[in-house]
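Here is a short note for someone opening this structure for the first time. Please read the points in order, with the model in view.

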Amino acid sequence: MAAAVETLDPVKYEIFMHRLWAVGEEGRIALQRVSASPIVVQGGECMQSFYDPNGRMILACSGHLRFAAATSDAIKKIVEWFGSDPGFHDGDQIFNNDPYVAGSHTYDQMVIKPIYFDGRLIAWTASSSHTADTGGVMRGAATEIFHEGLRILGLKIVEAGQFRNDVCKTIVEQCRDPYYVELDLRSRIAGNNVSAQRFLELVDQFGIEFVEAASKKLMDDSEHMARAKLRSLPDGTWRSRMFASGMRRPEPYQIICEMTKKGDTLRFDFNGTSPQLHDDQNSTLPSTLAHVTLALTNTLFWDVPWSDGKMVPVSVSVPEGCILNAKFPAACGGAPRVGQILVSAVSDCVAKMLYAGGRYDDINAGWQGLWYEGGPGYFYGGHTRQGIPVAQGLYDIHGGGFGAAPLRDGVDSGGHSNIPSGGISDVEWIELQYPFLYLTRNHAPNGAGYGTQRGGDGTHRVYMAYGTDDLSVDFRPYAGIPNGGFGLFGGYPAGSGGLRAVWRTDPDDIKSRMIRGEYPTSPAQIIKEKWGEALARSESGPHASVPEWGLISDFTQGGGGFGDPLERSLERLQADLDAGIFNAWAAERFFGAVLGENGKLDEAASKKSRAELRAARLKGLSNPPSLHANNEAKVLAQPHAELDIVESNEGPVWRCRQCGTVLGSARENYKKLAWSVIEPLDTVSEFPLPSADPFIGEFVYYFCPSCGIQLQVDVYCPQLGGERQWWDIQIELP
Amino acid sequence: MRDTWTIGIDIGGTFTDVALIGNSGAVHMNKAPTTPSDPANGVMDALRRAAESLEVPLFELLGDTQRITHGSTIATNALLTRVGAKVGLITTRGFEDTPYIMRAIGRVDGLSEDEIRHVMYLTKPAPLVERSLIRGVPERMDVEGTAVIPLQTDAMKAAVDDLVEKENVEALAVCLLNAWVNPVHEQQILDYIESRYGSRIYSSYSHQLARVAGEYARMNTVLADCFVGPKVRQYLLHLEHQLHESGFGGIFLLMQGNGGLASPEQCTPVATLQSGPAGGMLAASQMAQLLGHQQVLTADMGGTSFDVGLYSKGYWRYASEPVFDRFRILQPIIEIESIGAGGGTIAHADPQLNRLIVGPQSAGADPGPACYGQGGTMPTVTDANVALGILDPDYFLGGAHPLHPEKAAAALGEVAKELGLGDLEVAAGIHQIINGKMADLIRRQVIRSGYLPAEFVLYAFGGAAAIHAVGFARDLGIQTIVVFPTSPVFSAFGIAMADVVHTKMMTCHYSLPTDPEVVNSTLKELESELLEVMSQENFSTSQVKLRRYLTLRFRRQMIGVELEIPWARFGENEMDEIQKMFADRYQTLYGKGAGNTDAGTELGAIRVDAIGPVPKASLRPQSASSDKPPAIKGERRIYLSGSWHEAQVYDWEEILPGQTLKSVSIVESPFTTVLIPPGATGEFDPYGNLILKISE
């Protein structure tokens, strides 16, 4: 019988907790040092964690958040299916990579090990990492999970302490690069060996009763802390709507998220989300739940220990058959991308809730603001000049920009929402392993969401196929709609620059110009100086060949902006111009700036232009509502950076912070009370799509009908329909 | 006979330490407060105090000094405080944002796990170069060293001139892509800067500082060097001048982060980063050789941090890509792990969760622990040790700063009330929890290196380590702890015992077995560069000891294992042998079955160290010894493991070699307190070291 939690010696508990974390770290260090995956070693896409006998997570160590939540599901399923036949025994280790059980796609692979003490199952440990090769069809071409190669529900890779060479060979020979897959598989076993052995030493040191009671306390404490945090925030409902596009057809889909916070509970409802797709851009239910957990861990529960306890107050409802709960046997190789859009949807709601709660240090606009999807992705096929297969992705997306915060710009090339401590590879290391020559990797011009506080900028690259005659890249149809970004309170969801394309070049021409010291470092330069022709669409399905000396240009996601860009300080805008974050076009177009002949901002002219632009926003507003200022009224809530909810004789009303004007009842969607303007994205984009297709979305701007301050920039997709005046903030009012 | 001296100097954050070793084997030490505005003053003060205690004029002491070896924190402080030169950067056009992109990982580098979890809050540090002072020049080297795009010299010259003449930069950093494989473009830039500006401008080139792949860290290395370079140079000139004025005519050498000395001319300023900790490690290795210890852990616990280093069979470990403060830097810096656990670490209660949380916040020097009486109200580790009776409030820093035990008690009382515990229980709990955290850190550090903690002897230094050492060592199965009389100036002592060391490393990319001559030619290239440097240091080829290392990994792996090779050149046999050595070492590190030998082995880096042995005095054992019980200075009650104990208190200065101490005892000197708790005994060896043995 475990000791009662409240009687646990706090000193002993503190020592135990730190030691358990250190044990998991030891396991993760072992895993990372054996792994062959750059994404694991440098990108940190791995996790070592502990579970109670029922599969509930006790503690996850640092690493990839997605895995921690997922493995819990795998243990529960494996126990259900195989617990009695063939059963589990001391010294077993079980391999799993079925995304319908746990994880996001077949590349999320885990090895699970039961830990026994005195012949009794006392815990599980698991190590998970990303291995980007499971055989199957080329990435992006799958339409059923059967195309996605290796899918193992549960196989003993180690049995009673004995490594199963037959199982190992059978698994790795399904893949294109068996050496690499085997190293990764062995790295997980190494991680588990270390963790399990050390866990048993903890049992020796602290006693089994204490370890079991302390494990329970860890989970209970997490739940307690999560509930306390929720109680400290205002009640209400927040809604978000994110767009993205599929792999095979330029069809947009949407993720709809409604988040209701009441007391110490949080409820998510994804009703209204698009049906599953016929390509691999689908998320299974385990993947969806893992990404909701991940989003909350980053934003709301960052200071709550990583155990299953923190998710107890959270409930999630996802309709079956939608893109977030795809029905077997849908392909789901692209699930992490769907997951990112989902993370954005959740983060949008949470950011606005945190704003209403005054937690300004914890608020970022969106991290996934991709101006559009389509063209070359980042998965390659082919061979290097040494004849070694190129089977892995180039993960520059792990260096995307983060969203703007209320009091500062977003972090440029900050990282990736899934892996808080990840990073991107050095170009020199990439070139040691891939047949590329990079011509640039810099911050992307106009890649950050515009705002008073701008988003963090992503990076852009121009690189060349070099020293290979066998190279292809996954290639998706162009779909002109921002993917998964959101701005806050008048900031833009994404920057509108960047050009993602495969460029066919003339090798003799490019060689001779390079000898003269010429080379392009931006897509604008490729066009202007005629370095090549952009491929409009792939001639061979979901991937495109890249001949030697061919060029690829692309950009990574940037952060959303915060607040009206016309309010950005000119001094900081000048610094953006100097650093190439924005160019003159964007400075004029979105920030209302005027540049002098020396290329520097003209302060007086800029101020004048900004005033004119602000006035012009309300053009056509023929019948302004009867407005009155009320500065003395009691402030009831501050759920928006430009709008307060204040008391009035008519009940709570929205009031503009800038001009004091009352917009109308706070029980109403403020967007219906604001002045709105629609702008098609074609006119916002710096470059047309290489396919020459029109953009498929529009921006909907909302302004204070009195002073013209920008309150919100929404993306809307007419093709998908639905409510245009999306109701995002609905505070619970007395 | 008059002694001639070697003097080691270490400038620390609070004190500047000097250690004097005479040819007779005599050791003297002294301290003076560090003087941040002009650190040379603190150095001269400390030397003056040493002369006073030896009762000779400073001029005479320095006149009798053969060698001054110096570890300074000038570079370290310039980086930590971000006060340095105005730096310009020349890089490959198209990669100007590299120091700003920071491989994205710059957002978290150098931060603790707790800090990293607050993802919405974290930002990147400001780079060491303004974005407006970065110039890209057209050129591109491929990964095999072919110039796909030749350096455009006109554009290069314009960029350099612009930075120097228009922007008035004080230092120029040059780092081009793939210069590690072929530095010819960087050399062209060097030639131009040298010919046009000569010594008018400080400049630094990535291929000279690190022939290692990875442009982000390499770029940081040149930037850091430029940032601190002018300041370090200026300081050294100033100090050398003062020393000469005061009678010094001997050799002046600088301590580097690699644990070796270099002349001011051959020492790159960035190489002096972390020379203090390197001095500590060096002292440890000297003592290990003297005492015959094969495997040693060093534990340095001060006011805010706990630092752990590892020494095994003649070697210490270098960090593979060290992070200094928040920047990755490619310099051979001794791997020392650090956590926020020191005397000033704060404890607080979470009554809701019934938790007693210790750290990572620290009370720092101001306000410091509650018992300092400077306004601190939160209980710290030091407060706990005062309440437990381990620290004598009237003998802190030799009585120079009396402590306020009632303030410690009040702070602990607040926490105790919140948790419903007794004051002493909380104090004992803080002591135990911090011991647990330190044990965890040491274990992680040792395991990462492929060893088990129980195989090690622990060297405890820093003001607080010897109080906690038995506590955390017992947890790790360590049986022997050594505390040194030189512990208060341990780094300075190590610096005085150092040799001249230069290191060269080069990234490569070969599948094994490869043609032995390929490896030999790189070895030859590195060795001839090093011998050239060593001849500048006045070492002939025959005097120089070379050590050669290879980094190997299984194909497709990212992180390798570094092995010292026991031969000078490779033949076919050695090629086979090295792969076997690697497979063995790999198995030791990561366990059976972890490696995949079928994947093939790759050679990732070659490193050569050149060591110029400096003649040094050896420590002499004291002849006086005693088997009588030592003189007791006093007695006091201390609370340990749930009950009060009567402890004997001894004065370190009064104890003779051979004398043994039983638990429970306290040994005090002005800068160190040693606790011998139940289950441990102490004995002084002939060198005056206190050896603690843990029996249970």
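1. Burial in chain B. Of the 696 residues of chain B, 53% count as buried. A residue is buried if 20 or more other C-beta atoms lie within 10 Å of its own, exposed if 12 or fewer, and partly exposed in between, with C-beta atoms placed from the backbone.

2. Ground rules. This is a predicted model, in which local features need pLDDT of at least 70 and side-chain atom pairs count only at pLDDT 80 or more, while totals for chains, interfaces and linings use all residues. Residues are numbered from 1 along each chain as its sequence is written, and chains are lettered from A and ligands numbered from 1 in the order in which they are written.

3. Chain B has 17 helices and 33 strands. Both are DSSP runs numbered from the N terminus: helices are H or I with at least four residues, strands are E with at least two. The C-alpha trace of chain B spans about 80 × 65 × 55 Å along its principal axes. A compact globule of 696 residues would have a radius of gyration near 26 Å, and chain B agrees, with 26 Å. That radius is taken over C-alpha atoms, and the globule rule is 2.2 Å times the number of residues to the power 0.38. Among contacts in chain B with a separation of 6 or more, 66% join residues 24 or more positions apart. Two residues are in contact if their C-beta atoms, placed from the backbone, lie within 7 Å.

4. Chain A holds 15 helices and 27 strands. Its radius of gyration is 26 Å, close to the 27 Å that the globule rule gives for 734 residues, so chain A is as compact as a globular protein of that length. The C-alpha trace of chain A spans about 80 × 75 × 40 Å along its principal axes. Buried residues make up 62% of the 734 residues in chain A. Of the contacts in chain A with a separation of 6 or more, 74% link residues 24 or more positions apart.

5. Where the chains meet. In chain A, 70 residues are in contact with 69 residues of chain B. Several elements of chain A each supply at least two residues to this side, including helix H5 (178–206), helix H6 (208–231) and strand E13 (436–443). Which element gives the largest share of the side of chain A that touches chain B? H1(A) does, with 14 residues. By class, this side of chain A divides into 31 nonpolar, 21 polar and 18 charged residues. Here Ala, Val, Leu, Ile, Met, Phe, Trp, Tyr, Cys and Pro count as nonpolar, Asp, Glu, Lys and Arg as charged, and the others, Gly among them, as polar.

6. B:Tyr100 lies in helix H4 (residues 98–101) of chain B. Is B:Tyr100 buried or exposed? B:Tyr100 counts as buried, because it has 21 C-beta neighbours inside 10 Å. Leaving aside neighbours within four places in sequence, B:Tyr100 is in contact with A:Asp412, A:His443, B:Pro127 and B:Arg131. B:Tyr100 and B:Pro127 are 27 residues apart in sequence and 6.5 Å apart in space, C-alpha to C-alpha.

7. H12(B) on H13(B). Helix H12 (residues 405–419) of chain B packs on H13(B) at an angle of about 100°, with axes 8 Å apart. Axes are lines fitted to C-alpha atoms, for helices over the stretch in contact, and angles run from 0 to 180 degrees between N-to-C directions. H12(B) is therefore roughly perpendicular to H13(B). Angles under 35 degrees count as roughly parallel, over 145 as roughly antiparallel, 65 to 115 as roughly perpendicular and the rest as oblique. The contact has seven nonpolar, one polar and one charged residues.

8. H13(B) on H14(B). The axes of helix H13 (residues 423–448) and helix H14 (residues 465–476) of chain B come within 9 Å and cross at roughly 55°. The two helices are therefore oblique to each other. In this contact, H13(B) residues including B:Ile434 and B:Met438 meet H14(B) residues including B:His468 and B:Phe472. By class, there are six nonpolar, four polar and two charged residues in the contact of H13(B) with H14(B).
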